[in-house]
Amino acid sequence: MVDVFTAAASPVSKFRSPATVAVDNLLRKTLRVSDPRDPDQIANALLNFYPEEADRDRREQAGLPYSSAPDYVPQARNTGPSSVEMAQAQDDLERDLQTLSTSSPLKDIRIEMIGWGRSIRQLANDGLAAARLALDSVNHDRAMSARRQLGEYSRLARYVGTLTDGSAILFRRFAQSCDVLAGLILVAIGEGLASNGITRSTSIVRSAAGELQARRNAVIMALRSLTGSVESTLGQEDWPRGIEAYRNLVQQLEAGGQADLRALLEENALSQAMDDLVDLSTGASVEGLRELSTASAMLVHRFQRLIQFGQSIPVPIDVPITSGPPESPPLVAFVSSLQLFVDAFVSKGSSRLLYVARPPIIVYGLYGAGGPDQGAIRLMNLTIARGFLLEQVDCFAGCGCDDDDISCQVLLDYLLFLLDRAIDLYAVGTDPDGLGEQERRATAVGLAIGATLDLTDQLKNPGMLLCEFSDKLKNKLGVIRDELLDPFGGPGAWDPGLKSLMVRELRIAYQAEDQTERLVRSLTPQCDFNVFNFRNNQSLIRWMIRAILQDTFGLGTNLPSPVQMPSPIASSMASMGQNRPDYWSA
């Protein structure tokens, strides 16, 4: 007997079988290839996956016996523009890790340093390998995750070095190596996109092929539950919620003259429409992604209109259930699953890293005639400013060891860490005006930089924190702050949504700093530095974040629950699925 669901709901087009899709996904995951249908990529991946067998084949072709001494042939390396920098960065990292693990002043934490080395080597290798395949969403996310963790190790190393007498320079050199590798991951992502022919206009789907197929199957299952085609028997006291909602939806579509949307309620038509999008996105080819740029806009618009009609059915949650038609969980499930499928094509991946990996002089004509958007321009400005800031921070590190110098150094190192996070947010932003959610979250970094400048200003806060920052450093910090905040205006122009994002980013930073300080205390001598007890039994950085939340927003640092579910199930479904205000918890 043929499995009806498998035959009708498999997310493939008429040219590809379910087995082909499954094998393609397995090859992408195991061999780490971008196009499983390219024989050259498969052959090279197999040679890399089985190095011993590849060496035997090569020696056999050369006419050499297997048992003889191996002839030393230079290994093939990445030939991209940054290949020399990558080799140098990895060599520098090895030298710094070796120095930390064998340094006599650090013998008490030698085991911890060896653990650092093992973790960081794995992060660097995985991040660089995944960055070269960043066209795939899973590898892109892995590369960005490795970069974030390298940045956290860099921040931790600077923190520990500042509070460890005599070893600060060793930790700072190690942190610099981590920073370089983290930066090269961004460059490698951009090179991977550029080498595949990605331009500013190319659509990059940020959902894995397997995830898209699961979302597609969820839509089909929800449609079957809505139309009553699943084999289920209603009891005598059960209300036909799905059939009733389906009837009302069909009436609205017919009354509104939406014949094209009425066709999408037929399973075969809906399956074919979704399969066309899934097939273009799972091919892992630039040609398919370019076709997707235009095809998805038209097909997704039909789905969005159907979602809007599905959400317009009345849901009277503010009156007794007997006064009107009851809610329909099958309709809510169908609309929600269809919206989940559409989201994969509406929120397109960012190609801004093209402008980080490629010189601006060759951008025009090769990567989009329009040039970089506002977000990409700010991203380039931030990366340039970061290099200058790092130079000034390292210069400041040799000034002294009193409490004020240590506090100022910790503060500068923290700002450098935050700037890297702002660069990450701009790197994945997609809004052409540079005003999307990612850019809005980065404004919290601008607030922290502004608070640092105010905290160290002797005219505004005399005697609070004596930091002898150079004029160049102050000016550069001011430029970075303005780059992050000016596009959104002053505090009077901030909308509630922007304020909530700022507050949430600051609260997350507060909690992360609390955890980092506990780890630093376990790795450094128990010296009574004011950096851990600056004001009101709070560390310097956490005190500063509290001050920002209090002075700018009038809030504390307690982090609320990210998801708050109301008690009644009906109210929860109406609020989440139907995009309506929650009546019960209002």
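Biologist: Let's begin inside. Which residues have the most contacts in the largest nonpolar core?

Modeller: The general idea comes first: in soluble globular proteins, nonpolar side chains tend to be buried together. In this predicted model, the largest nonpolar core has 104 residues, and Trp116, Phe171, Phe174 and Ile189 are those with the most contacts inside it. Helix α17, residues 403–427, gives the most to this core, with 16 residues.

Biologist: What is Trp116 in contact with, leaving aside its neighbours within four places in sequence?

Modeller: Its partners are Tyr153, Leu156, Ala157, Phe171, Phe174 and Leu523. There is also a second, separate core of 32 residues, and Leu226, Leu277, Ile307 and Phe341 are included in it.

Biologist: Now the rings, please. How many aromatic pairs does a search of the whole structure find?

Modeller: Six. To read one, look at the distance between ring centres and the angle between planes. For Trp116 and Tyr153 the centres are 5.8 Å apart and the planes stand at 70 degrees, so this pair is edge-to-face. Trp116 belongs to helix α6 (residues 110–131) and Tyr153 to helix α7 (residues 137–162), so the pair ties together parts 37 residues apart in sequence.

Biologist: Are Trp116 and Tyr153 buried or exposed?

Modeller: Both Trp116 and Tyr153 are buried. They also belong to a cluster: ring pairs link Trp116, Tyr153, Phe171 and Phe174.

Biologist: On to charges. How should I think about salt bridges, and how many does a search of the whole structure find?

Modeller: Side chains of opposite charge can pair when their charged atoms come close. Here the search finds 20 salt bridges. Take Glu513 and Arg155, whose closest N and O atoms are 2.8 Å apart. Glu513 sits in helix α21 (residues 496–523) and Arg155 in helix α7, so this pair links distant parts of the chain, 358 residues apart.

Biologist: Why does Arg155 count as buried?

Modeller: Arg155 counts as buried because its relative accessibility is 5%, and the cut-off for buried is under 20%.

Biologist: Which side chain meets Asp413 in a salt bridge?

Modeller: That of Arg172, at 2.8 Å from N to O. Asp413 is in helix α17 and Arg172 in helix α8 (residues 168–195), so they tie together parts 241 residues apart in sequence. Asp413 is buried, at 2% relative accessible area, and Arg172 is buried, at 5%.

Biologist: And what of Arg224 and Glu267?

Modeller: Their side chains meet in a salt bridge at 2.6 Å, N to O. Arg224 lies in helix α9 (residues 209–227) and Glu267 in helix α12 (residues 267–282), so the pair joins parts 43 residues apart in sequence. Both Arg224 and Glu267 are buried.

Biologist: Which residues are linked in a network of salt bridges?

Modeller: Arg147, Arg158, Asp179, Arg386, Asp420, Arg421 and Asp424 form that network.

Biologist: Finally, the outside. Which residues form a nonpolar patch on the surface?

Modeller: Look for Leu46, Phe49 and Tyr50, which together have about 290 Å² of accessible area. Tyr50 is found in the loop between α3 (39–49) and α4 (51–61). With 41% relative accessibility, Tyr50 counts as partly exposed.

Definitions and conventions: Residues numbered from 1 in each chain as written. Predicted model: local features only at pLDDT ≥ 70, side-chain atom pairs only at ≥ 80, totals over all residues. Heavy atoms only, no water. Core = buried A, V, L, I, M, F, W, Y, C linked by side-chain atoms within 4.5 Å. Buried < 20%, exposed > 50% of the residue type's maximum accessible area, 1.4 Å probe, protein only. Helix = DSSP H or I, 4+ residues; strand = E, 2+ residues; numbered from the N terminus. Contact = heavy atoms within 4.5 Å. Patch = residues over 30% accessible without salt bridge, like charges linked within 9 Å, V, L, I, M, F, W, Y side chains within 5 Å. Areas by Shrake-Rupley, 256 points an atom, 1.4 Å probe, with all protein chains shown as cover. Salt bridge = Lys/Arg side-chain N within 4 Å of Asp/Glu carboxyl O. Phe/Tyr/Trp six-rings, centres within 6.5 Å; stacked < 30°, edge-to-face > 60°.
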